[in-house]
Amino acid sequence: MKSCSNRLARFADGTRACVRYGINPEQIQGEALSYYLARLLGLQRHVPPLALARVEARGAQWAQVREELRAAHWTEGSVVSLTRWLPNLTDVVVPAPWRSEDGRLRPLRAAGGELANRSRAELVDLVQWTDLILFDYLTANFDRLVSNLFSLQWDPRVMHRATSNLHRSPGGALVFLDNEAGLVHGYRVAGMWDKYNEPLLQSVCVFRERTARRVLELHRGQDAAARLLRLYQHHEPRFPELAALADPHAQLLQRRLDFLAKHILHCKAKYGRRPGT
């Protein structure tokens, strides 16, 4: 991973992970919920694997790093996240089809215009970005493209520079990092940031078919939060140690999925073709 905002851990088998300690437990909760929502949407390729652990200075798991743990001043009993460390990541900039001369985003449509002459490889890359945009909309994450849009008011070139918390793997996949703002804190302040998140979502009418299909399934089922929590509970032993998604937030997740599904269907109707690529 290009950087690790808390601690970099090395395990006995040589693998490494970023260990994130949240000043507030909702940061770890948001990181974990965002990871499992990515899995539910079929976007796990873009979000590094994550597991939770409890800080126990006297525990066997922490024996080799006991002094470092004390120096970090982490509260005993706190839950931290461990995210797989990914080597050789590079920065990425918003693709040219989205950027107008003034640096602002412009609509990216499914038919005609600039996309008509794009290669298959370019289109495959572009739908990674629409995966990112819909993921950040669903989680109300304001700490990536949305923060860049906010910064345009004093930095007109921000869209021409590297995007925060977003990198590219050597294989070409976009990697969505540091998702702690998603679903919990992001939902509490969604009213402040949706004036950027919603227009960003509505700027695109090109979606990966598999992702669009997952969204429409969750819209039809009207059970997104329940499915998310079942997945989380099944795979994460420390699930009970962090609060579940609160009912108002569960309802907000479903409303955002419904809004996204409506937009996908609008694109399909407008352009007379499947919304996926």
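**Chat about a predicted chain**

Student: Where is N88 found?

Tutor: N88 is found in the loop between β4 (79-84) and β5 (90-91), where helices (H or I, at least four residues) and strands (E, at least two) are DSSP runs, numbered from the N terminus. Keep in mind that this is a predicted model, in which local features need pLDDT of at least 70 and side-chain atom pairs count only at pLDDT 80 or more, while totals for chains, interfaces and linings use all residues. Residues are numbered from 1 along each chain as its sequence is written, and side-chain values use heavy atoms, with hydrogens and water left out.

Student: And what is phi doing at N88?

Tutor: Phi of N88 is near 60°, which is a positive value in a residue other than glycine. L183 also has a positive phi, of about 70°, although L183 is not a glycine.

Student: What does L37 touch?

Tutor: Leaving out residues up to four places away in sequence, L37 touches L138, T139, L183, L228 and L253, with contact meaning heavy atoms within 4.5 Å. L37 is found in helix α1 (residues 25-40) and counts as buried, because its relative accessibility is 0%. From C-alpha to C-alpha, L37 and G182 are 10.0 Å apart in space and 145 residues apart in sequence.

Student: For the whole chain, how many of the contacts join residues at least 24 apart?

Tutor: Among contacts between residues at least 6 apart in sequence, 74% join residues at least 24 apart. The chain has nine helices and seven strands, and buried residues make up 52% of its 277 residues.

Student: How do α3 and α9 sit against each other?

Tutor: The axes of helix α3 (residues 120-139) and α9 come within 8 Å and cross at roughly 145°. Such axes are lines fitted to C-alpha atoms, for helices over the stretch in contact, and the angles run from 0 to 180 degrees between N-to-C directions. At the contact, L134, Y137 and L138 in α3 meet L253, R256, L257, F259 and L260 in α9.

Student: What's the make-up of that contact by class?

Tutor: The contact of α3 with α9 has seven nonpolar, no polar and one charged residues. In this scheme Ala, Val, Leu, Ile, Met, Phe, Trp, Tyr, Cys and Pro count as nonpolar, Asp, Glu, Lys and Arg as charged, and the others, Gly among them, as polar.

Student: Back in α3, is D131 buried or exposed?

Tutor: D131, whose place is in helix α3, is buried, with a relative accessible area of 0%. Leaving aside its neighbours within four places in sequence, D131 is in contact with L43, H46, F176, R208 and T211.

Student: New topic: which residues does the disulfide join?

Tutor: A disulfide (a pair of cysteine sulfur atoms within 2.5 Å) joins C205 to C267, with an S to S distance of 1.9 Å. The pair links distant parts of the chain, 62 residues apart, with C205 in the loop between α6 (190-202) and α7 (209-221) and C267 in helix α9 (residues 247-271).

Student: Why is the disulfide called left-handed?

Tutor: The torsion about the S-S bond of C205 and C267 is about -85°, so the disulfide is left-handed. C205 is buried, with a relative accessible area of 2%, and C267 counts as buried at 3% relative accessibility.

Student: Last one: what volume does the largest pocket have?

Tutor: The largest pocket has a volume of about 420 Å³. Of the 16 residues that line the largest pocket, the closest to its centre are A9, R10, V19, W62 and V65. On a 1 Å grid over the protein atoms alone, a pocket is an open set of points where a 1.4 Å probe fits, with protein on both sides within 12 Å along at least five of seven lines, and lining residues have an atom within 4 Å of a point. Grid points are joined across faces, edges and corners, and a volume is the space filled by probe spheres set on the points.

Student: Which element gives the most to the lining?

Tutor: β1 gives the most to the lining of the largest pocket, with four residues.

Technical notes:
Buried means under 20% relative accessible area, exposed over 50%, partly exposed in between (1.4 Å probe, protein chains only).
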